[in-house]
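Thanks for coming. I will show one model and walk through a few of its local features. Please have a look at it first.

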Amino acid sequence: MRTKRHQLFWGLIIILWVSCNNAERRVESSFYYWKQSFDLTDTEQIYLKQLEVKRIYIKFFDIKWNEVTKKPFLVAPISFKSSTPQFIRIIPTVYITNNTISSCSETQIEQLADFIIKNIKEASHSQNISTKGIQIDCDWSLSTKDKYFHLLKSIRNSMPKEELSATIRLHQVKFYKKTGIPPVDRGTLMFYNMDAVTDSTTANSILDLEIAKQYFYNFDEYTIPLDVALPLFKWGVVQRRGRVVQLINHLDTQLLTNEQRFKKVKKHHYNVLESHYLNGFYVYKNDQIRLESVSKEILEQSAQLLNQQIQRDTLLNVTYYHLDSTVLEDFSIQNIQAINNQF
């Protein structure tokens with residue numbers, strides 16, 4: 001009898017384990033909105049509707065350090081030219097430089113938490129936005145970990161009903177025992193900007209799967225649920241005398257086909273033959289331009305790889321950077337749905 005009960009007990013455990021691991025994952029699309037003026041175009045609204053987007057992460061402002069006043073200060077606050085969609089959850093997002101965290105005293109860290117909350121509330125109330133969470137974006141380091149986590153705890157204690165999330169880089173998962181795990185409800189894994197854009201040997205600083213694979217460790221030990229952020233943007237990296245001087249957003253290959261102005265030296269690499277304005281930026285003769293972009297196929301492969309790493313949860317929020325009609329020209333609604341289907 002005891003043996004049968006023992007077998008029944010372990011049989012139930014196995015069934016429950018299998019059921020939990022086979023639980024269907026719900027994948028939701030969301031977007032970052034990283035422009036300084038909120039004003040949705042018709043195209044952007046169509047994407048939100050047809051993808052059944054549940055969240056928009058709107059960058060409300062940046063926080064940087066003022067070397068003159070020795071205080072953090074607010075930069076690039078967003079202005080609202082149109083109202084936010086009523087059917088979508090708005091997540092105010094704040095970008096904080098690591099230098100700000102490093103420069104703040106312990107007292108200033110607590111003051112900074114109050115400052116962030118105050119400005120989020122004021123911006124939300126002015127637009128009648130009912131926020132459903134806050135996201136903090138900061139690439140913290142070993143030296144700033146304790147102060148940054150103190151900031152997050154202070155925000156969480158002041159707004160306990162809001163879901164608090166933080167952006168996470170690949171290296172912060174691989175080396176979590178050193179970098180720590182932030183005290184938040186969820187993390188968003190930033191699956192882009194993974195190589196040094198300033199390095200002349202870099203092939204694609206936006207997304208390089210071979211580099212990404214070097215960081216696929218310890219996901220099973222990471223103790224907060226992880227969502228994913230994927231890139232849709234492209235740019236041209238302009239180098240002058242070996243130094244990066246400009247990133248030209250959404251630079252298209254077609255603009256570099258003029259053989260009087262550009263010479264293709266190898267795949268995605270061009271030399272400037274004569275000085276002129278390029279997408280509003282003045283490039284000089286002998287400048288070098290490296291085109292970087294991410295294809296739908298690479299994003300699908302990224303999703304397949306990430307699906308093997310990220311712990312299965314009942315909800316996975318896939319956030320695309322970013323909601324902009326120009327950026328979306330290269331990705332149809334069907335493209336984004338196909339990427340989501342890989343999770």
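Helices (H or I, at least four residues) and strands (E, at least two) are DSSP runs, numbered from the N terminus. The peptide bond that joins Tyr-321 to His-322 is cis, with omega at about 0 degrees. For background, most residues other than glycine have a negative phi, and most peptide bonds are trans.

Before going on, the ground rules. This is a predicted model, in which local features need pLDDT of at least 70, side-chain atom pairs count only at pLDDT 80 or more, and totals for chains, interfaces and linings use all residues. Residues are numbered from 1 along each chain as its sequence is written, and side-chain values use heavy atoms, with hydrogens and water left out.

Back to Tyr-321. In strand 18, Tyr-321 is the bridge partner of Tyr-32. That takes us to strand 1 (residues 26-33), where six of the eight residues are buried, so the strand is largely enclosed by the rest of the structure. Buried here means under 20% relative accessible area, exposed means over 50%, and partly exposed is in between (1.4 Å probe, protein chains only).

Which strands pair with strand 1? Strand 18 (residues 315-321) runs parallel to strand 1, and seven bridges join them. Strand 3 also runs parallel to strand 1, through four bridges. Two strands are taken to pair if DSSP finds at least two bridges between them. Tyr-32 turns up again here, standing opposite Tyr-57 in strand 3.

Strand 3 (residues 55-66) also pairs with strand 4 (residues 71-75), this time in the antiparallel sense, over five bridges. Within that pairing, Ile-63 stands opposite Leu-74 in strand 4. The hairpin has four residues between the strands, and Lys-70 takes a positive phi near 60 degrees there. A salt bridge is a side-chain nitrogen of Lys or Arg within 4 Å of a carboxyl oxygen of Asp or Glu. Glu-67 counts as partly exposed because its relative accessible area is 48%, and Lys-70 is partly exposed at 45%.

The structure holds 19 salt bridges. One of them joins Lys-35 to Glu-44, with the closest N and O atoms 3.1 Å apart.

Arg-261 is partly exposed, with 30% relative accessible area, and Glu-274 is partly exposed at 34%.

One further positive phi is at Asn-218, near 70 degrees, in a residue other than glycine. Asn-218 lies in the loop between helix 8 (209-213) and strand 10 (226-231). With a relative accessibility of 25%, Asn-218 counts as partly exposed.

Now the surface. Which residues form the negative patch? They are Glu-106, Glu-110, Asp-114 and Asp-146. Patches are made of residues with over 30% relative accessible area and no salt bridge, where like charges are joined within 9 Å and nonpolar side chains (Val, Leu, Ile, Met, Phe, Trp, Tyr) within 5 Å. Lys and Arg count as positive and Asp and Glu as negative, while His and the chain ends are not counted. The place of a charge is taken as NZ of Lys, CZ of Arg, CG of Asp or CD of Glu. Helix 4 (residues 106-126) gives the most to this patch, with three residues. Glu-106 lies in helix 4 and is partly exposed at 44% relative accessibility.

There is also a nonpolar surface patch of Tyr-277, Tyr-282 and Tyr-284, with about 350 Å² of accessible area together. Accessible areas come from the Shrake-Rupley method with a 1.4 Å probe, and for residues only the protein chains shown count as cover. Tyr-282 is placed in strand 16 (residues 281-283) and is partly exposed at 31% relative accessibility.
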